[in-house]
Amino acid sequence: MSLINLIYPRYKTISVVGTSKNAGKTIAMNEIVAQAEAQGITLGLISTGRDGERRDVLTNTEKPPIFARKGTIIATVEDAVNSMTDAARAGVEILDVTSFNTPMGKVVLGKVVEDGYVEISGPGSSSTIKRVCNMMQQSGAELVIIDGSLDRRASAAPYVSECTLIAAGASLSRSMDTVLQRTKHIVSLYTMPKADQDILKAAEETIEKGKTIIIDENGCSKPIDTKTSLMSGDLIAQSISPDSRYVVLSGSATFDTLRDIVTGKREGLQIIVKDATRIFLNESELFMLSKLGMDLRVIENINVIAITVNPYSPEGYYFDPEVFLRRMRETIPEIPVFDIMQEGC
Amino acid sequence: MFMDDRTRYLLGFDKVLGDLHPSSPFGIKCKSNMKPYMQADAEKLALELDRVQTMRGLIKTQPEIIREIKANLKQIKDIHRSVERCIAGGVLSQVELFEVKNLIFIMHGISAYQQKLRWRMDEDYKVNELPEVMELLDPQHSGIRSFFIYDEYSDRLKQLRALRAAKELALQTLRKQEIAQVEAALGIKLKSTGEVVINKSHTELIKQAAACKSLQQSSETFINITYRIKPDEEMASPMKDIEDLKLQELIEETKVIEQLSHKLGEYGSDIMKNIAAIGAFDLLLAKGELAMRHKAVKPEISDTNTISISKGVNPVVQKELAKRDKAYMPINAKLNEGVTLITGANMGGKTVSLKLMGLLACMAQHGLLVPAEHMSLGLRNFIYISCGDEQSVDLGLSTFGAEIKGITGVIERADQRGLVLMDELARGTNPKEGYAISRAIIEYLRNKLCISVITTHLEGLEKSGVKHLQVKGLDAVDFSRITDNEDISELMDYSLVEVTGESGIPHDAIKISKLMGMPEEIITQAEEIMKKNRL
């Protein structure tokens, strides 16, 4: 099945994130753009923050800008629209000037009037991204692609979109095993199962209030007097009784806290956090806690629908593309993996 | 100066303005420029108050039209600087042109709804349609708010674009032909970008690709070689033409924006006039809404040097009371030139009533309707209040020092039609001297044009022969029948009654102290001391 058919028409918004710099995120985006174009889907393009740099600031490698077709709705910034000097830019009709500010002026909604390269941009916070996405859909975008990232500031992007594509690249590490394991770890954090349906709403409200509570099998909740759940695992562990069923953690889920809770607890205790951005565990820590029987759940998880692999690193090393692709598929069998750098994607 | 910042703050006028909410940035600017109407502007003030009253009526009778106008006002962004720059001959950016276009759309919207209002408004409030400006910014008459450098702006631009489109189409056809040829020759499929990635293990294919005249190598990794369609000579010419055309287009677009900005500049003053009208209308609307909330009436502007309030409400205090589910007791007061003395029980609302007089006068002179059943006002030259909770510590002065300094400053203006409000005159010093100073100030002010209102607890000032208002207070309350913890504010009658002759000042302080839970021992002793003093 081709990439675009995994996405559209089932989903109307997709975010594309990379596991590291130069993971092939922009190439993946361009591929979705090209495939969507071939099917005549009107696209909306938005980025979580600053974009449109022709060169990657960190590694000084060429970063391909987005090639947009006529009719595409884009989120961009004032400076980019007003720049009259770049002959390669696509002509953009201004549809709206939003009230969201960026260092390069307000976020502007535009319609591409002729094929060409465009600078896409967008606001930083998840609620504003969501609002701009809605505006783009109202302007006619059938599929909105969010250029996101996994760094902390913009990690909200996947939670705004209906589905997510993760671009995994060799640039993550020189060791293929490490790249595979880290990618698997990222995917497992982001696809962490949701808490039981009947508890979701109560847990969400608890977390919004910044509280930590324990809920027993009768649905009675017991608040734990902690300002943050950081370093408070011991306190929580002491309050867990044989009939406790859920622990709702408002703060960050660190290894120490989780270990304290998990040690000596009864079977079937769910530990609930807001989402993957609150989980601070590396691969071995997650592995160890899982072995101890931890049942970690989230209120919101991410719908990862595909992974793309980029076997090249700008640092000059590369993996055998066929081996990398095959092993990624073996490591994460539950999600389709594509190598869009090569033929036959 | 009409009033200083402290008076403005102490009267609660800042809080009243805080409840006045224009919807547009232009209205907000007009609000910040609000000035009091002075005696010379009495006619203008009367007109303004009429307009506010009319507006309040419209809010009630044509709410749906008002709602639409407000919806338009709320969309406005403050782009007057762009317009000013345009008038000065500056060139606007594309984003600015979009913003101007939007503003014109909003102006047309407001104008259309204004025409539906049953009000023959003055020119200053009327937002006009600007068809010429609309024509400039919407040359396609699409009625759509988006903006682009449309073909209609320049025949040359249109030609250049058409030419380029034709060249691009021709080039595309050539490319497709070439791609098809390569695909047929090599038996592989190229990406739509005209690229193909070949693994080096396919040595035969690599050889073929390298030998193919239509392909060029674009990049190479350790495993792959990427080939790209190589423009043949036939394609070279249209490609160069396209580049040239793009450049010419860019130059032409820049010219178009320049011309468009200059043409807009010619209508700049019309746009600015509309901006001013929007601001004025918006502020008027906000005043009307405030009047609705205050259940306010139009104050009558009088030639006489008097202030008369019947059933006046202090909106600031009322709002606070409403939060605690309590009602404000309206106050009547008639003030003439010279001095009026207010006496009455502690907690009898003297200060609140004093502030009410100043606040309502201040509101009226700023063109606001007043929360009262009726008010007539001879316009004031200035308003001043000297009041207990002044932040005199900031000035390094004691309570008494700050009070005297303020009063000295204002006494020099006693020959003008001012309004001077003094709360607990000379409260910060010993009663004997306090009395002497107060009495002397009263004597000085009693025959002056200025209306002075003084609240006091000092015994004997009421004998100075000036007008004397008294808080009814707890007179009607049977003290033997109430329990200790009853809420005094529930028992208090805040209304003011004029007293003539020597009625003395009320002695409720000990009763109130008792009600508020002062130990019995102290109360008893205080009562005994009072008895001795009388003997």
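Mentor: Start with chain B of this predicted model, where the C-alpha centres of domain 1 and domain 2 lie 60 Å apart.

Trainee: Which residues make up the domains of chain B?

Mentor: Domain 1 takes 10-130 + 267-290, domain 2 takes 155-239 and domain 3 takes 298-534. These bounds come from an automatic or database domain assignment.

Trainee: Why are α9(B) and α11(B) called roughly antiparallel?

Mentor: Helix α9 (residues 155-186) of chain B packs against helix α11 (residues 233-266) of chain B at an angle of about 155 degrees. Angles over 145 degrees count as roughly antiparallel, so α9(B) is roughly antiparallel to α11(B). Their axes are 9 Å apart, and the crossing is left-handed.

Trainee: What kinds of residue form the contact of α9(B) with α11(B)?

Mentor: The contact has eleven nonpolar residues, one polar and 13 charged.

Trainee: What makes strand β2 of chain A largely enclosed?

Mentor: Buried means under 20% relative accessible area. Five of the five residues of β2(A), residues 43-47, are buried, so the strand is largely enclosed by the rest of the structure. On one side these are A:Leu43, A:Leu45 and A:Ser47, and on the other A:Gly44 and A:Ile46, so both faces are covered.

Trainee: How do you know that β2(A) pairs with β8(A)?

Mentor: Pairing needs at least two bridges. Five bridges join β2(A) to β8(A), residues 143-147, and the two strands run parallel. A:Gly44 stands opposite A:Val144 there.

Trainee: What joins β2(A) to β4(A)?

Mentor: Two bridges join β2(A) to β4(A), residues 73-77, and these strands run parallel. A:Leu45 has A:Ile74 as its bridge partner in β4(A).

How values were computed. Residues numbered from 1 in each chain as written. Chains lettered and ligands numbered in written order. Predicted model: local features only at pLDDT ≥ 70, side-chain atom pairs only at ≥ 80, totals over all residues. Heavy atoms only, no water. Axes fitted to C-alpha atoms, helices over the stretch in contact; angles between N-to-C directions. Helix = DSSP H or I, 4+ residues; strand = E, 2+ residues; numbered from the N terminus. Parallel < 35°, antiparallel > 145°, perpendicular 65-115°, else oblique. Left-handed = near helix turned anticlockwise from the far one by under 90°. Nonpolar A, V, L, I, M, F, W, Y, C, P; charged D, E, K, R; others polar. Buried < 20%, exposed > 50% of the residue type's maximum accessible area, 1.4 Å probe, protein only.
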